[in-house]
Amino acid sequence: SSMSHVDEAGVPAALMSPSIGTGQAPRKLTAVEWRMMVDMGWDIWYSPGDFDLNAKVDANDIDLLCANLGDGAYDVDGDGDADVDDLVALVETYVELSNGLVGTKPGDFNLDGSVNGTDLSIMSSNFGQVGGWAQGNANCDTTINGTDLSILNANFGFVATAAVPEPTTIALLGLGVFGL
């Protein structure tokens, strides 16, 4: 059915194109194709907060959440609505950082796991302008202003770290290895 395919002119070499071209290799689905599969009734499992379905939770997903506040489809914290609490949950729990870790604090505009002078520089170069997360907007209000600076200030100095087991857990693991 032509209702289940994408237009080759708009989405070239798509998996859901009406025909397969010579040499077309397997590839990742586009966001449009994922949404088509959901519309057709497929149960699609992807990372919470990956709103653009590109297999990564990043600044684009934060901006999509901000653009869709009030829409329950963008609910991250499970309370049924999409609000600024979902922004915090997305940033602190699901966003993928450039250093390989997951989760940071509001104010980490370059998503490197640290709220520091680099983030302040990003914000100051865009202060008073309209922008998204990567430009220094920490609260979904579109304008980079003093409120965003306050949020950055509250988290300034934060550094994301990998979870480290407590000493008791390490001792138990050591005994288990010794037993093996």
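A residue is called buried when its relative accessible area is under 20%, exposed when it is over 50%, and partly exposed in between (1.4 Å probe, protein chains only). The structure described here is a predicted model, in which local features need pLDDT of at least 70 and side-chain atom pairs count only at pLDDT 80 or more, while totals for chains, interfaces and linings use all residues. Residues are numbered from 1 along each chain as its sequence is written, and side-chain values use heavy atoms, with hydrogens and water left out.

The protein chain has six helices and zero strands, where helices (H or I, at least four residues) and strands (E, at least two) are DSSP runs, numbered from the N terminus. Read from the N terminus, the order is α-α-α-α-α-α.

The chain has 180 residues, and 33% of them count as buried. It exposes about 10,500 Å², of which carbon and sulfur atoms supply 59%; accessible areas come from the Shrake-Rupley method with a 1.4 Å probe, and for residues only the protein chains shown count as cover. Of the contacts (heavy atoms within 4.5 Å) between residues at least 6 apart in sequence, 33% join residues at least 24 apart.

The structure holds one salt bridge, meaning a side-chain nitrogen of Lys or Arg within 4 Å of a carboxyl oxygen of Asp or Glu. Its partners are Lys-105 and Glu-92, at 3.4 Å from N to O. Lys-105 lies in the loop between α3 (84-94) and α4 (117-126), and Glu-92 lies in helix α3, 13 residues apart.

| Residue | Relative accessible area | Class |
|---|---|---|
| Lys-105 | 26% | partly exposed |
| Glu-92 | 33% | partly exposed |
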